[in-house]
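Hi,

Here is the structure I said I would pass on.

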Amino acid sequence: GGGGGRQQSFSFPMLSSEEILACMNELQISMEPQDLEKPSARSVRHVYEALCEVCIGVTKEEINNGITYGEGTNLMEELGVEFPDLHEDSVPQLRFFRAVSKLMSASGVHDTRLWDVVKPEAKRFKRNMSAVINFAKFREERLMKFQELSQRTEELFEARDRAEAENNNIEKEINRLKLEREKEKPQIEQLERDCNGLEEDINEFNKQQSVLKYEVGNLKEKRNELRDQLASIEFQKLNTRQESERIQKNIVKSPERIKRELKTQQRQLEKEKEENVAIENNLIQLQKKLAAIEQAEKDLVSATESIEEIEQEFLKCKTATKEKKSMSSSIKTHGSLIKQLETTKSEMERQLQIMKDRVVRIKKQGSIKLQTAMQAEEGVNNQVAELQAEQAQARTETKENRDKIRAIEKKMDEQRKARSNALQDRTNACQLLETKIKESSEILLDAISQS
């Protein structure tokens, strides 16, 4: 659009009568060939009313609503106009002309005249129809594009709303996790302290276990040595018995020799008894040591079980720590997801802004015609204002004339009354004269009859 109220004209092709009739048929507006060749005010009004409804959304009922508006309110009575019935036809005609002017201005025609609807010419009517059909086609193309953009805009709004709802849900979830983390923080800290204490205990037990393992190893070695010694003693005892049996078989029946051998054997027996006592004492000592070793093994097993239980507690603590770290990583993941959603939201808002800019550009392209229509409407409004001023002047003159008429009527009434009174006086005088004449005639007749 141009500045300074300048109107913009649009070039449009002049259509033939057949093309105009075909387009009107597509628009479902009835039109006959003679309506183009010899247009009348009635046929032109029918076509313009239908086109106004299709192209600019002004219905026939709105045009022909008379002087009422809203719920039956009388416009002229509302404005305080006297004799509103006089405007019963002029107001719909003015509305019709304004609608036609708006339609033609939007179509690029700015020289619309009242004669175009009152006494239309075939050439101008065909030109106007060509302009309106061109505007209708242009409007249909733009309307489809605008609907497409509007649908895309609505989809973007819906996507943005969904993203915001999802973002709100994630923020609520993060806040909930943070609250749970704050609530569980004392427990986590206590678990960390317990884990640290358990680690210290485990380290101490590991040291004790190492010492015990070393001592148990030494005891096992001693036990094995004692077992070997016991086996050796048993073997010697068995050899001694076998040797004793062999000697008994070789005993000579000599008393002296028997005595000597008996003494020798007695000494050997005593020696063997002493050795057996020593072996038994060693065996008792070994059994005590074995019992001590077995008790140490039991203590070691118990300590190992305790260590395993502590290790399980330590694993639980580690699991809790891992869950804590997992919760932290989950919060970080949600944070990154929020950032991603915010990025998506920004991208959608950017696309939405692009779509809005495109819609604004289309609206600006269409605003030229709307501006021309508004200018035409402003011109019609000025005409209406002039007509209203003329009507106000006419009302003032009418009122003054009425006042003059009332004064003249009053004066005429006074003169009428005066003439009536004078006539009555004359009538009374005539009646009185007539009575006197009758009386004189009767007297004259009586006098004639007597003579």
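**Thr112 and its surroundings**

Leaving out neighbours within four places in sequence, Thr112 is in contact with Phe97, Val100, Ser101, Met104 and Arg124. Keep in mind that this is a predicted model. Thr112 sits in the loop between α6 and α7 (115-118). Is Thr112 buried or exposed? Its relative accessible area is 18%, and because the cut-off for buried is under 20%, Thr112 counts as buried. There is also a C-alpha distance you can check: Thr112 and Lys102 are 10 residues apart along the chain, and their C-alpha atoms are separated by 9.4 Å.

**The chain as a whole**

Stepping back, the protein chain has 451 residues, and buried ones make up 23% of them. Its secondary structure comes to 9 helices and 2 strands, in the order α-α-α-α-β-β-α-α-α-α-α along the sequence. If you take the contacts with a separation of 6 or more, 76% of them are between residues 24 or more positions apart.

**How α3 meets α6**

Two packed helices are described by the angle between their axes and the distance between the axes. For α3 and α6, the angle is about 60 degrees and the axes are 10 Å apart. That makes α3 oblique to α6, since roughly perpendicular only begins at 65 degrees. The crossing of α3 past α6 is left-handed.

Which residues make the contact? From α3 they are Arg45, Tyr48, Glu49, Leu51, Cys52 and Cys55. From α6 they are Pro92, Gln93, Phe96, Ala99, Val100, Leu103 and Met104. By type, the residues of this contact divide into 10 nonpolar, 1 polar and 2 charged.

Phe96, found in helix α6, is worth a click. At 1% relative accessibility, Phe96 counts as buried. Not counting residues up to four places away in sequence, Phe96 touches Arg45, Tyr48, Glu49, Ile63 and Val117; Arg45, Tyr48 and Glu49 are among the α3 residues of the helix contact. Phe96 and Val58 are 38 residues apart in sequence, with 9.6 Å between their C-alpha atoms.

**The largest nonpolar core**

The largest nonpolar core holds 33 residues. Which of them touch the most other members? They are Ile20, Met24, Met31, Tyr48, Leu51, Phe125 and Met129. The elements giving two or more residues to this core are α1 (17-26), α3 (41-55), α6 (90-106) and α8 (122-249). Tyr48 and Leu51 also turned up above, on the α3 side of the contact with α6.

Met31 and Tyr48 are, like Phe125, among the core members with the most contacts to other members.

**Two more residues to look at**

Ser130 lies in helix α8. With 1% relative accessibility, Ser130 counts as buried. Apart from residues up to four places away in sequence, Ser130 touches Phe12, Pro13, Met14, Leu15 and Ile20. Ile20 is another of the core residues named above.

Gln28 is in the loop between α1 and α2 (33-37). Is Gln28 buried or exposed? Gln28 is exposed, with a relative accessible area of 76%. One for your backbone checks: Gln28 has a positive phi of about 60 degrees, although it is not a glycine.

Over to you.

Conventions
Residues are numbered from 1 along each chain as its sequence is written. This is a predicted model: local features need pLDDT of at least 70, side-chain atom pairs count only at pLDDT 80 or more; totals for chains, interfaces and linings use all residues. Side-chain values use heavy atoms; hydrogens and water are left out. A nonpolar core is a set of buried Ala, Val, Leu, Ile, Met, Phe, Trp, Tyr and Cys residues joined through side-chain atoms within 4.5 Å. Buried means under 20% relative accessible area, exposed over 50%, partly exposed in between (1.4 Å probe, protein chains only). Helices (H or I, at least four residues) and strands (E, at least two) are DSSP runs, numbered from the N terminus. Axes are lines fitted to C-alpha atoms, for helices over the stretch in contact, and angles run from 0 to 180 degrees between N-to-C directions. Angles under 35 degrees count as roughly parallel, over 145 as roughly antiparallel, 65 to 115 as roughly perpendicular and the rest as oblique. A crossing is left-handed if the near helix is turned anticlockwise from the far one by less than a right angle, and right-handed if clockwise. Contact means heavy atoms within 4.5 Å. Ala, Val, Leu, Ile, Met, Phe, Trp, Tyr, Cys and Pro count as nonpolar, Asp, Glu, Lys and Arg as charged, and the others, Gly among them, as polar.
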